[in-house]
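Q: I would like to learn how to read helix packing and aromatic pairs in a model. Can we work through one together?

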Amino acid sequence: SDTNPDEYDDSTILHEYGHFIMHAFSYDNSPYVQVHSLTDTNQDIRLSWSEGWATFFSCMVRNSPMDINIIRDYKAYYNIEDLDYDIPIEGYKSLVPYAKGQDTEVSVSSILWDIYDSTSDTGDSLGLGAKPIWDVFHGFKSSYDCVLEDFYNGFFSNSANEIYSNQINNLFAERKVFY
């Protein structure tokens, strides 16, 4: 848009490319007609998965938990690792209130990041890299709703991942997601 030109925002470009990757190598069942915001709660869980995946993908490719967006004359950012958030015109400083449940894209992106990254922090001692996430993601077909619960079930359908069950369940519980 005129007020938010994203053509130079690596994070945004890779986020949109993440949607392409989803369509090309997995399956997406998101109702894209819905307007959405990062701070939405109670999103359609298919939209939460799609948007959360795309944000995670952007961060994974850049190997940085920071999502940066230049809007007009200021830089907005949020961090999917520690959930810091700074958008000067909105005044938010933390995404913690928006990172609860399977119906927020912040929960989805932060859970995927904590599975992927090698930073150990509270509730997250994993560092599994992209492969186990990709294996589940790549296995999604049109018979799936393509939501966080499908990812969870797909992750544990590989018996080799059972050794991570306590860590994964703690990570999901930290985001108030229980299956």
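Q: Is the crossing of α3 and α6 left-handed or right-handed?

A: The crossing of α3 and α6 is right-handed. A crossing is left-handed if the near helix is turned anticlockwise from the far one by less than a right angle, and right-handed if clockwise. Helices here are DSSP runs (H or I, at least four residues), numbered from the N terminus.

Q: What should I know about the source of the values?

A: This is a predicted model: local features need pLDDT of at least 70, side-chain atom pairs count only at pLDDT 80 or more, and totals for chains, interfaces and linings use all residues. Residues are numbered from 1 along each chain as its sequence is written, and side-chain values use heavy atoms, leaving out hydrogens and water.

Q: At what angle do helix α3 and helix α6 pack?

A: Two packed helices are described by the angle between their axes and the distance between the axes. Axes are lines fitted to C-alpha atoms, for helices over the stretch in contact; angles run from 0 to 180 degrees between N-to-C directions. Here α3 (residues 105-116) and α6 (residues 165-174) pack at about 150°, with axes 10 Å apart. That makes α3 roughly antiparallel to α6 (angles over 145 degrees).

Q: Which residues of α3 and α6 make the contact?

A: Contact means heavy atoms within 4.5 Å. From α3 come Ile111, Asp114 and Ile115; from α6, Ile168, Leu171 and Phe172.

Q: How many aromatic pairs does the structure hold?

A: Rings of Phe, Tyr and Trp (its six-membered ring) pair if their centres lie within 6.5 Å; planes under 30 degrees apart count as stacked, over 60 as edge-to-face and the rest as tilted. The structure holds 18 such pairs. Phe25 and Trp134 form a tilted one, 6.0 Å centre to centre with 55° between the planes. The pair links distant parts of the chain: Phe25 is in α1 (residues 10-25) and Trp134 in α4 (residues 131-138), 109 residues apart. Phe25 is partly exposed at 38% relative accessible area; Trp134 is partly exposed at 30%. Buried means under 20%, exposed over 50%, partly exposed in between (1.4 Å probe, protein chains only).

Q: Where do Tyr152 and Phe156 lie in helix α5?

A: They are four residues apart in α5 (residues 148-157), so about one helical turn separates them. Tyr152 and Phe156 form an edge-to-face pair, 5.1 Å centre to centre with 70° between the planes. Tyr152 is buried at 10%, and Phe156 is buried at 15%.

Key:
Helices (H or I, at least four residues) and strands (E, at least two) are DSSP runs, numbered from the N terminus. Angles under 35 degrees count as roughly parallel, over 145 as roughly antiparallel, 65 to 115 as roughly perpendicular and the rest as oblique.
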